[in-house]
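Work through the exercises below with the sequence and the model at hand. Each task is followed by a solution in steps.

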Amino acid sequence: MELLNSHNLCFLNDGSVTRRTSPNEGSSVPDLSICTPSLASTISWSTLSSSYGSDHFPLLLRFPFHINFTFRHSPRLKHRLNNADWDTFKSRIEQKMTSLPNISHGSESICADALTKLFIEVADKTFPLKNGALGFIPSPPWWDQECSDAIKKRKQVELQYCENCTSENFDLVTDAFKATSLLFKRKKQIAGNLFVSPSPLMSVLLWYGVILEDSGVHLLKLLVLSRFINKSIPRQTCSYYSS
């Protein structure tokens, strides 16, 4: 306090706990908000009820100013695929396949770029693009209802523990946080395997006429996959041709 007074600064904290502790630890306020006196009278300070996977509660500072959000986040999956016309997509791909360069030793990167560019161009012409969300961060591609349900349960047990700090409720919080973390890890791994699974992409490469040594095919797969992931081309693009 003496340090703050000597520099003419103020605490914004209202005494609310900022960190979740076990039942025997007591209250904990390690997170402090400090500002000048001129701002202290205008800022509203509070903590959020959910820690969002951490043991620290986020701090919410409200200013009496209206801010217009003009930044739009690009969607992680750029195309709308709810009613995708895969027949047209396949037909357009087939029409352009003859324009691809022949694969030879040392030209793997060029061929991968050409194949990727073809898929992206046809996808852009066939499928409508999503609009960027205003002030909204899109969920990752692997996010589904199971993830949403896990988050909902985690928030519920955490709120229950905040209202009644018993050992039983603390165990429920610990279990929910662990289960959610493992679920997200598994979802990410499954999503990654969708892109590195050999059969769908191998079908595309064989359809393209790729007859290389195992090492060459593996290299080309990595080159193509890296660009598919970066451009958010959906996996249906590959799996469609493996059927």
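**Exercise 1. Place Arg19 in the chain and list what surrounds Arg19.**

Step 1. In this predicted model, Arg19 belongs to the loop that runs between strand 1 (10-11) and strand 2 (34-35).

Step 2. The relative accessibility of Arg19 is 24%, so Arg19 counts as partly exposed. The cut-offs that decide this are under 20% for buried and over 50% for exposed.

Step 3. Setting aside residues up to four places away in sequence, Arg19 touches Glu25, Ser28, Pro30, Asp55, His56 and Phe57.

Step 4. One of these, Phe57, is 38 residues from Arg19 in sequence, but the two are 5.8 Å apart in space, C-alpha to C-alpha.

Step 5. With Asp55, the side chain of Arg19 makes a side-chain polar contact of 3.4 Å.

**Exercise 2. Determine whether Ala40 is buried, partly exposed or exposed, and find its contacts.**

Step 1. Ala40 is in helix 2 (residues 37-40).

Step 2. With a relative accessible area of 25%, Ala40 is partly exposed.

Step 3. Apart from neighbours within four places in sequence, Ala40 is in contact with Cys10, Leu12 and Cys35.

**Exercise 3. Describe the two sides of helix 3, then the ring pair of Phe89.**

Step 1. Trp86, Phe89 and Ile93 are the buried residues of helix 3. Their arc around the axis is only 55°, which puts them on the same side of helix 3.

Step 2. Asp87 and Gln95 are exposed, on the face of helix 3 turned away from the buried side.

Step 3. In general, an α-helix has 3.6 residues a turn, so residues three or four places apart point the same way.

Step 4. The structure holds 8 aromatic pairs. One of them joins Phe89 and Phe119, at 6.2 Å centre to centre with 65° between the planes, and is edge-to-face. The cut-off for that class is over 60 degrees.

Step 5. Phe89 is in helix 3 (residues 86-96) and Phe119 in helix 4 (residues 108-126), so their pair ties together parts 30 residues apart in sequence. Both Phe89 and Phe119 are buried.

Step 6. Trp86, Phe89, Phe119 and Phe127 are linked into a cluster by ring pairs.

**Exercise 4. Classify the ring pair of Tyr161 and Phe170, and find the charged groups over Phe177.**

Step 1. The ring centres of Tyr161 and Phe170 are 5.4 Å apart and the planes stand at 55°, so this pair is tilted.

Step 2. Tyr161 has 2% relative accessibility and counts as buried. Phe170, at 23%, counts as partly exposed.

Step 3. Over the ring of Phe177 sits the charged end of Arg20, 4.5 Å from the ring centre. The charged end of Arg154 also sits over the ring of Phe177, 5.2 Å from its centre.

**Exercise 5. Check the span of helix 5 and sort its residues by accessibility.**

Step 1. Helix 5 (residues 145-163) has 19 residues and should span 27 Å at 1.5 Å a residue. Its end C-alpha atoms are 27 Å apart, which agrees.

Step 2. The buried residues in helix 5 include Cys147, Ala150, Ile151, Arg154, Val157, Glu158 and Tyr161. They cover an arc of only 135° around the axis, which puts them on the same side of helix 5.

Step 3. Gln145, Lys152, Lys153 and Glu163 are exposed on the other side of helix 5.

**Exercise 6. Which side chain has a polar contact with that of Lys187, and what else does Lys187 touch?**

Step 1. Lys187 is in helix 6 (residues 167-196) and is buried, with a relative accessible area of 11%.

Step 2. The side chains of Lys187 and Asp144 are joined by a polar contact of 2.6 Å.

Step 3. Leaving out residues up to four places away in sequence, Lys187 touches Trp142, Asp144, Glu146 and Cys147.

Step 4. Asp144 also has a side-chain oxygen that reaches to within 3.2 Å of the backbone nitrogen of Glu146, at the start of helix 5.

**Exercise 7. Summarise the chain as a whole.**

Step 1. The chain has 9 helices and 6 strands.

Step 2. Of its 243 residues, 30% are buried.

Step 3. Taking contacts between residues at least 6 apart in sequence, 71% join residues at least 24 apart.

Key:
Residues are numbered from 1 along each chain as its sequence is written. This is a predicted model: local features need pLDDT of at least 70, side-chain atom pairs count only at pLDDT 80 or more; totals for chains, interfaces and linings use all residues. Side-chain values use heavy atoms; hydrogens and water are left out. Rings of Phe, Tyr and Trp (its six-membered ring) pair if their centres lie within 6.5 Å; planes under 30 degrees apart count as stacked, over 60 as edge-to-face and the rest as tilted. Helices (H or I, at least four residues) and strands (E, at least two) are DSSP runs, numbered from the N terminus. Buried means under 20% relative accessible area, exposed over 50%, partly exposed in between (1.4 Å probe, protein chains only). A charge sits over a ring if NZ of Lys or CZ of Arg is within 6 Å of the ring centre and within 35 degrees of the ring normal. The expected span of a helix is 1.5 Å times one less than its number of residues. The arc is that of the directions from the helix axis to the C-beta atoms. A polar contact is a pair of N or O atoms within 3.5 Å; within protein, one must be able to donate a hydrogen and the other to accept it, and residues adjacent in sequence count only if both atoms are side-chain atoms. Contact means heavy atoms within 4.5 Å.
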